[in-house]
Amino acid sequence: MKIAISCDHVLSNSHYMSLVESFANIYQNATIYTLAHKIGAVQGRLELHPIKSTFLSNLVDDKNKLDKLSFLVPSASKKITVQKEFDQLINISCGLSHGFNVEGNTKVIQYIYSLPHFLSRNKTSFFNGYLKKWFKESLAKSELIICSTKEIQKIIERYTSDKQQVYTLKPPVSTDGIPVIASKTFKYDYFVLYVEGQLTNLEKELSTILNNSNYKLYILGGKVDREQVKKYYPKAII
């Protein structure tokens, strides 16, 4: 299977960029399509891949500048075509890179890492209506859309049809820079579980294992459903 990967930008090191690079490391022969690329700005193996970018590479050198010029993204996207030789395009998006032209029967999987500023109700500009219309039309190209949070999923569902599959899958966290060091002072006697809103099926299933262990459990996260957490994890510390 021949894979292509697309993303908003290749401009700086970040958690978003490490996620893009993780897929690039899995698919080592993948071509990278992006809106803006600054050569040498990203450390790692990503730039060993062929990288195809738009004219925005000449206009921006950081994400903030790309956001400010987002009104140019629809026209820039038209300049990039993912060739029909690819079986699948994996797009890791901050809300701008899902509008590339795709030839043939190439299947598209969208991972929405974050949303663009023009979807915010607190942001108003002359181009907002135009960009929102483009955003909705571009999303229609994908049967499968995966969101990084449930909040993003709820917003994306406003712009998709019933025929499209929309799910939530939290992005992974790299532990490469976090050494595990044995300590005579601290006891490693607890787990930490990050929860957003309702518990997922996996988090419910984990309760059997964690409740039967001798470890403490700390619950972190936003908008935690305390009543549900106490039902599945009665001894948890929230």
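Helix 1 has 12 residues and spans 17 Å from its first C-alpha to its last, close to the 16 Å expected at 1.5 Å a residue (the expected span is 1.5 Å times one less than the number of residues). Helices (H or I, at least four residues) and strands (E, at least two) are DSSP runs, numbered from the N terminus. This is a predicted model, in which local features need pLDDT of at least 70 and side-chain atom pairs count only at pLDDT 80 or more, while totals for chains, interfaces and linings use all residues. Residues are numbered from 1 along each chain as its sequence is written, and side-chain values use heavy atoms, leaving out hydrogens and water.

- Seven strands make an open sheet with parallel pairing, in the order 3-2-1-5-7-8-9; two strands pair if DSSP finds at least two bridges between them.
- Strand 3 (51-52) and strand 9 (165-168) are the edge strands, each pairing on one side only.
- Strand 1 (residues 3-10) runs parallel to strand 5 (residues 88-93), and five bridges join them.
- Within this pair, Ile 5 stands opposite Ile 90 in strand 5.

**Helix 1 on the sheet**

- Helix 1 (residues 15-26) packs on the sheet, touching strand 1, strand 2 (31-37), strand 5 and strand 7 (107-112); contact means heavy atoms within 4.5 Å.
- The direction of helix 1 makes about 165 degrees with that of strand 1, where axes are lines fitted to C-alpha atoms, for helices over the stretch in contact, and angles run from 0 to 180 degrees between N-to-C directions.
- Tyr 16, Met 17, Leu 19, Val 20, Glu 21 and Ala 24 of helix 1 are buried (buried is under 20% relative accessible area, exposed over 50%, partly exposed in between, with a 1.4 Å probe and protein chains only).
- Strand 1, strand 2, strand 5 and strand 7 are among the elements covering these buried residues.

**Salt bridges**

- You will find four salt bridges in the structure, each a side-chain nitrogen of Lys or Arg within 4 Å of a carboxyl oxygen of Asp or Glu.
- One of them joins Glu 85 and Lys 2 (2.5 Å, N to O). Glu 85 lies in the loop between strand 4 (81-82) and strand 5, and Lys 2 in the segment before strand 1, so the pair ties together parts 83 residues apart in sequence.
- Another links Lys 133 and Glu 137 at 2.6 Å, N to O. These residues are four apart in helix 4 (residues 128-139), a separation of about one helical turn.
- Lys 170 also pairs with Glu 203, with the closest N and O atoms 3.8 Å apart. Lys 170 is partly exposed at 34% relative accessible area, whereas Glu 203 is buried at 8%.
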